[in-house]
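Please keep the sequence and the structure in view while reading.

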Amino acid sequence: MTDDGFSDDLWIALAESASFTVGPNSNAFFPSSKLPRKFLEHQERLRLRSKNRFRHPERWLWSSTLLEQASDERSSELMASLFPREATVVDICCGAGADAIALARRGPVIAIDKSQVAAALTAANLRLHGLKGQVLAEEARFFPKNDKIWIHIDPDRRSLGRRTTGCEFFQPPPQFLAEAISHSVGGSIKVAPATRLEDFQNFCDDNNLGRPYENLGLQFVSWGGSVRQQRWWWNIDAIPSQKKTISVWSNDSDWSHWTCDMEETDNDGRIIMDERIELQGFIGDTDPAVRAACAQPQLAAELEASIIGNSFGYLHSDQNYIADSPFVTWFQIDETIAFDRKKLRHMLQSMRVGTLEIKTRNVEVDIDSLRKELKLQGEESRTILITRFGKRVVAILAKRLNMPSRS
């Protein structure tokens, strides 16, 4: 039985019976005469939940857990595009098949999951998308590893009954991951954004598994202001080993990529902690994927910017120009004041600010509560960036810059 409270037999019957009507009003359907109405209504609710992550929610079947764990469609398509076209990719721990379907659009795929429900849903979802692929319900460890296959692995990170970022709790375990990296043409392992490669390195060293981590390059993927996933790649040209690659879906509706060294830049001289310094010029809010990768010092150095407070703080530039970057949102500073709610309210009211974007960094602020206290009214628009600066908390009033489109 799944976490939804329905039996495995129901899920498998759903997967086997789902088909797709081809025509101007195409829509997946289920033979309701054979399946309980409550079960079908639950499936429709899951489809509604998936619509912001998948372009055609009517072509998908889910359980609650598999939907929660699935890669979003955009990130899956990016992942699949990095594998060689027409090469067979083995998708291990395929779940409901989000990654398998993206891989199948590119070329041959073999999808594997130890759960019969997951395997059945993957097979159905491939069918509903008009795609083909081999689907196996078996343990990943039984699949032979060799140097002629490409591998994609999304290990189960809930083996303890809750989410974990520690690779020692992954299923399949890190021993399997080390072997997969060492005995394959190349591939990808999807991990949580907070999972540290250092932990995998230490595990391999402590258990005499060799040094497969030396072949890995890291990729951090984000869109819509959220870090979607981290991937470890090996033997893929687009993601060089021992480098970090940041991939961001930009406002130009395309992916932007930036690669930096694995080791952090010595950026102590660029971090501003002296609160007596007057902040003028421009302030930059980096994409969360940059921060998840701990790559903000490298980006600051590349953009000739400083960082406020610590290596995760806002960027700052007092130059008369700023470097346009898809990895930073820039604002022009109007004024910097100590964070005092009453003074801030009077200042915004005197400026007739009715639309206010509120951002925070390195400090906890209840944004909804603050917005109510400010009693905004007027026709002006501004952004307020609240951050810790030395021993003080400051509020930086700024205007969002409309940077030129990148060709």
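Over the face of which ring does R74 lie, and at what distance from the ring centre? R74 lies over the face of W249, at 4.4 Å from the ring centre, and the charged end of R74 also sits over the ring of W223, 4.5 Å from the centre of that ring. The model is a predicted one, and the points below describe the surroundings of such contacts as well as the rest of the fold.

**Overall make-up**

- The chain contains 12 helices and 19 strands, and buried residues account for 50% of its 407 residues.
- When contacts in the chain are taken between residues at least 6 apart in sequence, 66% of them join residues at least 24 apart.

**Aromatic rings and the charge over them**

- A search of the whole structure returns 11 aromatic pairs, and one of these is formed by F54 and W60, a tilted pair with 4.8 Å from centre to centre and 55° between the planes.
- W249, the ring over whose face R74 lies, counts as partly exposed because its relative accessibility is 26%, whereas W255 is buried, with a relative accessible area of 16%.
- F6, W11 and F39 are linked into a cluster by ring pairs, and F39 is also one of the buried residues of helix α2.

**Helix α2**

- Helix α2 covers residues 37-50, which makes 14 residues, and it reaches 20 Å from its first C-alpha to its last, close to the 20 Å expected at 1.5 Å a residue.
- The buried residues of α2 are F39, L40, H42, Q43, L46, R47 and S50; seen down the axis of the helix, they fall within an arc of 155°, so they line one face of α2.
- On the face of α2 that is turned away from this buried side, the exposed residues are R37, K38 and L48.

**The eight-stranded sheet**

- An open sheet of mixed pairing is formed by 8 strands, in the order β12-β14-β15-β13-β16-β19-β18-β17.
- At the edges stand β12 (271-272) and β17 (353-361), each with a single partner strand, so one side of each is left without a neighbour in the sheet.
- Strand β14 (residues 306-308) pairs with strand β15 (residues 315-317) in the antiparallel sense over 2 bridges, and the bridge partner of I307 in β15 is L315.
- Strand β13 (residues 282-286) and strand β16 (residues 328-338) also pair in the antiparallel sense, over 5 bridges, with T329 in β16 as the bridge partner of D285.
- On to the next strand in the order, β16 is joined by 7 bridges to strand β19 (residues 392-400), and the two run antiparallel; here Q332 stands opposite K399 in β19.

Key:
Residues are numbered from 1 along each chain as its sequence is written. This is a predicted model: local features need pLDDT of at least 70, side-chain atom pairs count only at pLDDT 80 or more; totals for chains, interfaces and linings use all residues. Side-chain values use heavy atoms; hydrogens and water are left out. Helices (H or I, at least four residues) and strands (E, at least two) are DSSP runs, numbered from the N terminus. The expected span of a helix is 1.5 Å times one less than its number of residues. Buried means under 20% relative accessible area, exposed over 50%, partly exposed in between (1.4 Å probe, protein chains only). The arc is that of the directions from the helix axis to the C-beta atoms. Rings of Phe, Tyr and Trp (its six-membered ring) pair if their centres lie within 6.5 Å; planes under 30 degrees apart count as stacked, over 60 as edge-to-face and the rest as tilted. A charge sits over a ring if NZ of Lys or CZ of Arg is within 6 Å of the ring centre and within 35 degrees of the ring normal. Two strands pair if DSSP finds at least two bridges between them. Contact means heavy atoms within 4.5 Å.
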